[in-house]
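Welcome! Please take a look at the sequence and the model before reading on.

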Amino acid sequence: LLIKDTTIDINGTSDGIVLDADADTTISADTDDQVDIKIGGTDRFSIASTGAVSTVTTAADASLTLQSAHADALGAGLVLYHNSASPADNDILAVITGKGRNDNSQDVVYSQIKTTATDVSDGAEDGDINIFTMKAGTATEQVRIEHDGDLHADGDVIAYSTTVSDV
């Protein structure tokens with residue numbers, strides 16, 4: 001353990017911080033440029049050098065809970081923010097993916113919700129939402145809500161609007 005100024009260097013000791021008496025709950029960097037949190041000896045949370053965050057749960061309930069204790073009428077919020085240095089029309093801003101395994105132990109994307117910036121011009125910004133599901137082994141757009149209020153389902157326009165206020 002090396003302490004100099006305000007930096008603590010634990011590299012080479014146990015390469016981690018032990019948080020409980022039986023030493024099975026730790027914060028470590030066993031992989032170069034990645035921080036891992038183990039609880040009960042099992043990897044539960046990691047942060048890669050890219051900033052990618054991964055969590056693993058064996059619980060049958062929700063894996064992620066965002067809780068708001070604010071007293072006003074707004075509840076918990078989630079923002080998926082695409083901060084591009086060069087935004088362009090038709091950039092996909094956010095994707096929520098439902099993924100699992102098939103009976104051949106392959107990872108499959110079973111559903112997705114995508115937000116697309118169809119026009120990024122200042123003062124004329126437009127965005128669409130697309131919902132995809134897996135249909136006979138192919139990702140298929142099932143619902144699209146366009147910036148002009150048009151609603152498409154299964155490839156057909158089922159409702160349209162000439163202005164957003166008409167929706």
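## A hairpin to start with

Strands E9 and E10 run antiparallel and are joined by eight bridges. Strands here are DSSP runs of E with at least two residues, numbered from the N terminus, and two strands count as paired if DSSP finds at least two bridges between them. Within this pair, Thr115 sits opposite Ile129 of E10.

What lies between E9 and E10? The two strands make a hairpin with six residues between them, and in its turn Gly123 has a positive phi of about 85°.

Residues are numbered from 1 along each chain as its sequence is written, and side-chain values use heavy atoms, with hydrogens and water left out.

The confidence score, pLDDT, is given by the predictor for each residue and goes from 0 to 100. Its mean over the protein chain is 85, with 86% of the residues reaching 70 or more. E9 has the highest confidence, at 97, whereas strand E1 (residues 2-4) has the lowest, at a mean of 57. Where pLDDT is low, the predicted coordinates should not be read in detail.

The hairpin of E10 and E11 has two residues between the strands. Ala136 belongs to the loop between E10 and strand E11 (138-145), and its phi is positive, about 55°, although Ala136 is not a glycine. With a relative accessible area of 81%, Ala136 is exposed; the classes are buried under 20%, exposed over 50% and partly exposed in between, using a 1.4 Å probe and protein chains only.

E11 is in turn joined to strand E12 (residues 151-153) by three bridges, and these strands run antiparallel. Ile145 stands opposite Leu151 in E12. Five residues lie between E11 and E12 in their hairpin, where Gly149 of the turn has a positive phi of about 95°.

Ser105, which is not a glycine, has phi near 60°, and its place is the loop between strand E8 (91-101) and strand E9 (107-119).

## A nonpolar patch on the surface

Which residues form a nonpolar patch on the surface? They are Leu64, Leu66, Leu78, Leu80, Ile96, Ile113, Ile129, Ile131 and Ile145, with about 790 Å² of accessible area together. Such a patch is made of residues with over 30% relative accessible area and no salt bridge, where nonpolar side chains (Val, Leu, Ile, Met, Phe, Trp, Tyr) are joined within 5 Å and like charges within 9 Å. A salt bridge means a side-chain nitrogen of Lys or Arg within 4 Å of a carboxyl oxygen of Asp or Glu, and accessible areas come from the Shrake-Rupley method with a 1.4 Å probe, counting only the protein chains shown as cover for residues.

Ile131 of this patch lies in strand E10 (residues 126-135). Its relative accessibility is 32%, so Ile131 counts as partly exposed.

Terms used:
Predicted model: local features only at pLDDT ≥ 70, side-chain atom pairs only at ≥ 80, totals over all residues. Helix = DSSP H or I, 4+ residues; strand = E, 2+ residues; numbered from the N terminus.
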